[in-house]
Amino acid sequence: PRFFALVPAAGVGERSGAGMPKQYVEIAGRPMLAHTLAALAEVPRLAQTLVVLSPDDERFEAALPGYAGWVARVGGASRAESVLGGLAELRRRGAADDDWVLVHDAARCLLRPEWVDALIDACQHDAVGGLLAQPIADTLKAGDAGGRVTATVDRRDKWAAQTPQMFRAGLVQRALAVLGAAATDEASAVEALGLAPRLVRTSMANFKVTWPEDFELARRLLEHK
Ligand code: C5P
């Protein structure tokens with residue numbers, strides 16, 4: 001089987017406060033999406049990377065001039081729909097049922113090739129697949145709309161799910177089609193089929209740039225790489 005990467009980059013990034021889709025915000029001299037794709041390009045085992053854009057994206061060509069990889073303007077209203085559109089495109093371009101697809105958020109621009117290699121090493125002989133994740137170090141609280149604690153959640157068996165998340169193309173396509181737009185990651189869709197994805201421990205530096213203050217932290221990390 002081959003390994004493909006699929007990068008959903010069709011979000012609007014409302015929480016970032018950037019006034020443009022966050023994947024195009026410049027960090028350390030180039031757009032966030034360019035950092036993400038550069039890291040994936042350093043993983044020799046990946047046969048191809050497919051970037052999923054919104055059908056009305058007007059920034060990609062200017063942000064990544066001359067980009068030679070695969071691009072599909074099939075983004076949807078939710079992340080799950082964007083990934084499903086990308087999976088259909090990968091199948092059209094020849095990905096088989098048992099080829100692996102590593103779905104990676106455009107907004108995790110701190111990605112390092114060695115983390116991708118670790119995921120592939122840990123999962124390529126697994127019956128289900130798996131994801132990069134980080135055990136929760138903080139005490140976890142549930143809160144209400146008024147900003148008050150409603151409960152303390154046992155953190156002992158909790159992990160923060162990251163990406164890439166790696167599953168066979170056929171399986172993840174079936175799983176997302178069943179769970180639909182409700183899935184915020186691929187693993188949850190696979191879990192809904194009764195399967196248990198493998199957790200592959202990784203670094204907190206693989207965080208998703210989401211809130212306004214995240215851009216400064218990402219800049220510092222990228223400038224000192
Ligand atoms: O919104 P969230 O931070 O969960 O988005 C994670 C990734 O999914 C981002 O890279 C974003 O561009 C992508 N996304 C997408 N299509 C959507 C929503 C999010 O490709 N409709």
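**View 1. The crossing of H3 and H5 is left-handed, meaning that the near helix is turned anticlockwise from the far one by less than a right angle.** This is a predicted model, in which local features need pLDDT of at least 70, side-chain atom pairs count only at pLDDT 80 or more, and totals for chains, interfaces and linings use all residues. Residues are numbered from 1 along each chain as its sequence is written. Helices (H or I, at least four residues) and strands (E, at least two) are DSSP runs, numbered from the N terminus. The axes of H3 (residues 79-92) and H5 (residues 169-179) come within 10 Å and cross at roughly 145°; axes are lines fitted to C-alpha atoms, for helices over the stretch in contact, and angles run from 0 to 180 degrees between N-to-C directions.

**View 2. Residues at the contact of H3 with H5.** From H3, Ala 80, Val 83, Leu 84, Leu 87, Leu 90 and Arg 91 meet Ala 169, Val 172, Gln 173, Leu 176 and Ala 177 of H5 (contact: C-beta atoms, placed from the backbone, within 7 Å). By class, this contact has 9 nonpolar, 1 polar and 1 charged residues (nonpolar: Ala, Val, Leu, Ile, Met, Phe, Trp, Tyr, Cys and Pro; charged: Asp, Glu, Lys and Arg; polar: the others, Gly among them).

**View 3. The buried residues of H5 and the end of the helix.** Ala 169, Leu 171, Val 172, Gln 173, Ala 175 and Leu 176 are buried (20 or more other C-beta atoms, placed from the backbone, within 10 Å of the residue's own). These residues pack against H3, strand S6 (100-103), strand S10 (159-168) and helix H6 (186-191). Gly 180, with a positive phi near 70°, follows H5.

**View 4. An open sheet of 7 strands with mixed pairing.** The strand order is S5-S4-S1-S6-S10-S7-S11, where two strands pair if DSSP finds at least two bridges between them. Strands S5 (70-72) and S11 (198-201) stand at the edges with a single partner strand each, so one side of each has no neighbour in the sheet. From one strand to the next, the twist averages 25°. S1 (residues 3-8) and S4 (residues 46-52) run parallel and are joined by 6 bridges; Val 7 has Val 51 in S4 as its bridge partner.

**View 5. H3 and H5 on the sheet.** H3 lies across S1, S4, S5 and S6, at about 145° to S1. H5 touches S6 and S10, and its direction makes about 120° with that of S10.

Technical notes:
Contact = placed C-beta atoms within 7 Å. Buried ≥ 20, exposed ≤ 12 C-beta atoms within 10 Å, placed from the backbone.
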